[in-house]
Amino acid sequence: MFNLSRLVALLIFSLQLGVASAAALYPIDNAAILLGSQFDIKIEFDGAATPEELEIQLNGAPISKLVKQQPTFISIESGKGSSLIYRDVQLNQAGKYILTAKSSQQALQVSWDVYASGPRRVKNVILFIGDGMTIANRTSARVFSKGISEGKYQGKLSFDDMPNTALIGTSGSDSLITDSANSMSAYTTGHKTAVNAMGVYVSRASDNLSHPKVETIAELIKRKTKMSVGIVSDAELQDATPGALVAHTRRRADKSYIADQLLASGAEVILGGGSAYFYPQSNKGSKRKDEKNLVEQFKANGYEISFDKDELIKAGNAASTKKLFGVFHPDNMDGSLDRFFLKKNTVEQYPNQPDLTDMTRSAINVLSKNPNGFFLMVEAALIDKFNHPLDWERAAFDTIMLSNAVQIAKDFAKTHPDTLIIVTPDHTHSGSISGVVHDAKPGPLREKVGVYAEAGYPNYPKANVEGYPNQIDVSKRLAFFYGNYPDHYETLHPKLDATFKPAVKDEAGKYVANPKYIQMQEDAIHMPGNLPSNQSVGVHTADDAVLNAMGPGSEKFRGFMDNTEVFRVMVDTLGLGSSKSK
């Protein structure tokens, strides 16, 4: 039996010896683990130990009674101490588990909640990620696309009227402020991790790929069911959000590895940017450091291949297409404001990029052919990538694009009511609407901002059928401000030439306001940054994310929830913690 007094004595002994506090157990304390999911157990001791002196118990009995995998012992890891790793563990009985680990000098303990799911309730799950989408992005998108008159919006975004809503906490295991890797990893695994990590707990391992792994929802589906999986993003497909569905790495920058994992995942639909990581290094523009040609491997594995909008629509509509791979840009794709109206950034080089709606429609067309159902993740990545450089108009247009993509899923759900649709940010930004800029008002630029009764309403033209106004540099515009920022010049005008670049490095290597904008607009306001001078753009915030959902199981989204609970709802509705998963 577990001896609490002995544990306390060993803990006191460790402190008396001055042992460092780097020792750790993974999964961490209070982790929630899906019944039957695969995960690694890692035990890290301070200082050197021997296998013979270690006593590892699970629920008061030798761990070997419940864990059949043989551990790997590392005598000294990263110069810090001994480690013990059990790979691909599964616990097949729900309940509370207590793991204790003792050496001659230390005693460690964590407890876990292993939970089962109910039976499967839905055929399909579609998870939309508005990366970095904050409330003000939604509001500005609604103003642009629907208009507002006498205090009432003339319409709603497609996810505004979903019947279930929750506030989502986004913090990671190491920091109040998350990045997209660990925040998306919480959605895909149900486990917390650290900034820049996905699919792993961050341990003392020196190799990015050797940290203790946790199984993703895509892996669970492929291992336990006959469902199909789709991954769609307008960022690089190796970026944090799509990568967190397939990868297990300490560093989200391992993009060649993530590209390899996308191929290995067996996902039936993979659409987005990032072609530079799918071609061998000998190809012009490749960012790989080997000669792997993943595009050819996708072809050999039976995927239809598309490189532009026309090819995507043709393949997506073909009755014969069972698997679809498309890459439409070597890097992140261009946003809707540039593609449809401004023709800036890289649109001239890549004029036939598909929209998020095109990718969503094609993905659903292909995946819905599987009678066993599907899981689809669709990311509107550029909302975040425009919020960072304080380019709120571009972020608003891509929020409209997300709304259009969600409407396609809602239309599908009308005839397939056994579909759960979730729309959520992975984290938030600090933007907020404070008033309306009136060009006709006299005085310096800041005096042109109308607040309260002086704000009135903007005069954007009526949006087209897709929800986009054809002009944004109108005489009365939203006054949209970010709460955190580097040094920059505030112009109170949309950036029509290219995405805003608020700060540039000076000779000392610090970021200062980009002089380009004071040269373009003499009355631009110099805004001293409120972030450290090593930050060139705005950063994420800890503000709650707003999740909307509809379909079977969506009633579980209510009140305040942790981001790991989003995973729990999805696996519960799919029955992935049940022995009857199919």
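Analyst: **Helix surroundings**

Just after helix 14, Gly-575 has a positive phi of about 65°. Helices here are DSSP runs of H or I with at least four residues, strands are runs of E with at least two, and both are numbered from the N terminus. The model is predicted: local features need pLDDT of at least 70 and side-chain atom pairs pLDDT 80 or more, while totals for chains, interfaces and linings use all residues. Residues are numbered from 1 along each chain as its sequence is written, and side-chain values use heavy atoms, with hydrogens and water left out.

Helix 14 spans residues 564-573, and eight of its ten residues are buried, so it is largely enclosed by the rest of the structure. Buried means under 20% relative accessible area, exposed over 50%, and partly exposed in between (1.4 Å probe, protein chains only). The buried residues include Val-566, Phe-567, Val-569, Met-570 and Val-571, along with Asp-572 and Thr-573.

In helix 8 (residues 309-317), the buried residues are Leu-312, Ala-315 and Gly-316. They lie on the same side of helix 8, because they cover an arc of only 100° around the axis, taken from the directions from the helix axis to the C-beta atoms. Asp-310, Lys-314 and Asn-317 are exposed on the other side. The buried residues of helix 8 pack against strand 15 (269-273), strand 16 (304-306), strand 17 (324-327) and helix 10 (356-367), contact meaning heavy atoms within 4.5 Å. At the start of helix 8, the backbone nitrogen of Asp-310 has a side-chain oxygen of Asp-308 within 3.2 Å.

How values were computed: Polar contact = N/O pair within 3.5 Å; in protein donor to acceptor, adjacent residues only side chain to side chain.
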